[in-house]
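Trainee: Could you help me learn to read a protein model, step by step?
Mentor: Gladly! Let's look together.

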Amino acid sequence: MAMNGSLFLGAAGAIGMATRRGAVGLCGVRARIPALVPRKGSWCLGERRELFGQRRFQSTVREAPDFAFAFDIDGVLLHESRPIPGASDVLRFLEEQHVPFILLTNGGGKREKDRVADLSQKLGVPLTTDNFVQSHTPFRQLVDGPAGLREKTVLVTGSDYGKCRDIAKSYGFNNVVTPSDILSAQPNIFPFRHIPSLHPDPHPLPRAPYTGDASPTPLSSSLRIDAMFVFDDPRDWAVDTQIIMDLLLSHSGYLGTYSTLNNDASLPNCGWQQDNQPTLFFSNGDMLWASHYHLPRFGQGAFQAALAGVWRRYTGGHELRRTVIGKPERETYAFAERVLNVYRHERLREIGGHGASGLRAVYMVGDNPDSDIAGANGFLSETGTEWLSVLVRTGVWSEKRQGMGMLEGVRKPTTIVADVKEAVQWACGRHGVDWKS
């Protein structure tokens, strides 16, 4: 299966998608990015709202604030499981002032409702799935439609194979395979010692893999993978890289085959990825993220770069074709803006207020110039909303490590602040909303 944005067409469900040319992804590979449109009754609204904790509202307001916030999580609100000082106070303040906000993260690896429940507990603030988007949420829209994958076989990987399988199944993918399943069924696919703790509870494969000309299973009845998804930061890079490469080099996604079109100079791209191989999807391109350690750690973008490097070396310099979503891609920000508008409307309806005017400004508060800041700066709202970028010093970026020199062009923030509390104080002050500490 070649990289094809048509997979996003006709996706039935709560969030409609259309195919649109997106931004240039990692390593300059242009990917087709889905246009995401939240609709009433969707996962972000729902017939029953996923609310964790009890909301507290003040008296009815006459009109909603005309500004909103989009917060990254790691490095802005949390350092892994520990709240960054002031983060909980900020969210409570915005709730009390009826200022809408969205949690927009390139993180993942859990179901949306589970991640929100976890965040509510860690931050001590009631949160809801209505205004929460994580990196792999759009994958659910590939389930249905003309090229839907509901009954196709997909490979998923990430930090925890079992959790990735559960998320994929919750989205509607019925036939889900993990690298652990393949390794268990065919141990010689990776002829080195692997780490057993990373491969617990493998499931039987839906079909036997093809094992060559002497295979007891005909090719047409062998395991075929129709798409590959990286849900979050993989742990076993060696096994994942080997299996993904095998499928990228295969004939039509049949594991254990090798395409006769590979390295054919008479074909486009010298035949690489021209034989109906499975599309490869990454949920984000973040190279680094902020953890408890005093220096940033590699994320999913590092795995993507490593895989792309192996591909270039193997193919003699050709770029790996893949689809990347998440920040800083344009459609992620378009979707965030739509969710904010829907969320703002619903909150106003609940408290009996009204909002005659739309959002005038959205403040993206993030710690990563390559994703949070670049994405906000590069996004042009179709409704005229101005997106401003606020870089905090509590996460990935450090003036001491990277210097001010990297904050040029699309990475240059509107302002730099110490932390999320100062970010909200600055933004609210621009709109005449007093911060009361």
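This is a predicted model: local features need pLDDT of at least 70, side-chain atom pairs count only at pLDDT 80 or more; totals for chains, interfaces and linings use all residues.

Trainee: In what order do the strands of the open sheet lie?
Mentor: Read a sheet from one side to the other. The 5 strands here run β11-β10-β12-β13-β16, with parallel pairing. β11 (175-177) and β16 (323-324) are the edge strands, each pairing on one side only.

Trainee: Which residue in β13 is the bridge partner of Phe229?
Mentor: That is Phe281. Strands β12 (residues 227-230) and β13 (residues 279-282) pair in the parallel sense over 4 bridges.

Trainee: Which strands does helix α5 touch?
Mentor: For a packed helix, look at its neighbours and its direction. Helix α5 (residues 237-248) packs on the sheet and touches β10 (153-157), β12 and β13; its direction makes about 150° with that of β10. Helix α6 (residues 300-315) lies across β12, β13 and β16, at about 150° to β13.

Trainee: Is Asp419 buried, partly exposed or exposed?
Mentor: Compare its relative accessible area with the cut-offs: buried is under 20% and exposed is over 50%. Asp419 has 22%, so this residue is partly exposed.

Trainee: Where does Asp419 lie, then?
Mentor: Asp419 sits in the loop between β19 (415-417) and α9 (420-430). A polar atom of the Asp419 side chain lies 3.0 Å from the backbone nitrogen of Glu422. Beyond four places away in sequence, Asp419 touches Pro85, Val392 and Thr394.

Key: Residues are numbered from 1 along each chain as its sequence is written. Side-chain values use heavy atoms; hydrogens and water are left out. Helices (H or I, at least four residues) and strands (E, at least two) are DSSP runs, numbered from the N terminus. Buried means under 20% relative accessible area, exposed over 50%, partly exposed in between (1.4 Å probe, protein chains only). Contact means heavy atoms within 4.5 Å. A polar contact is a pair of N or O atoms within 3.5 Å; within protein, one must be able to donate a hydrogen and the other to accept it, and residues adjacent in sequence count only if both atoms are side-chain atoms. Two strands pair if DSSP finds at least two bridges between them. Axes are lines fitted to C-alpha atoms, for helices over the stretch in contact, and angles run from 0 to 180 degrees between N-to-C directions.
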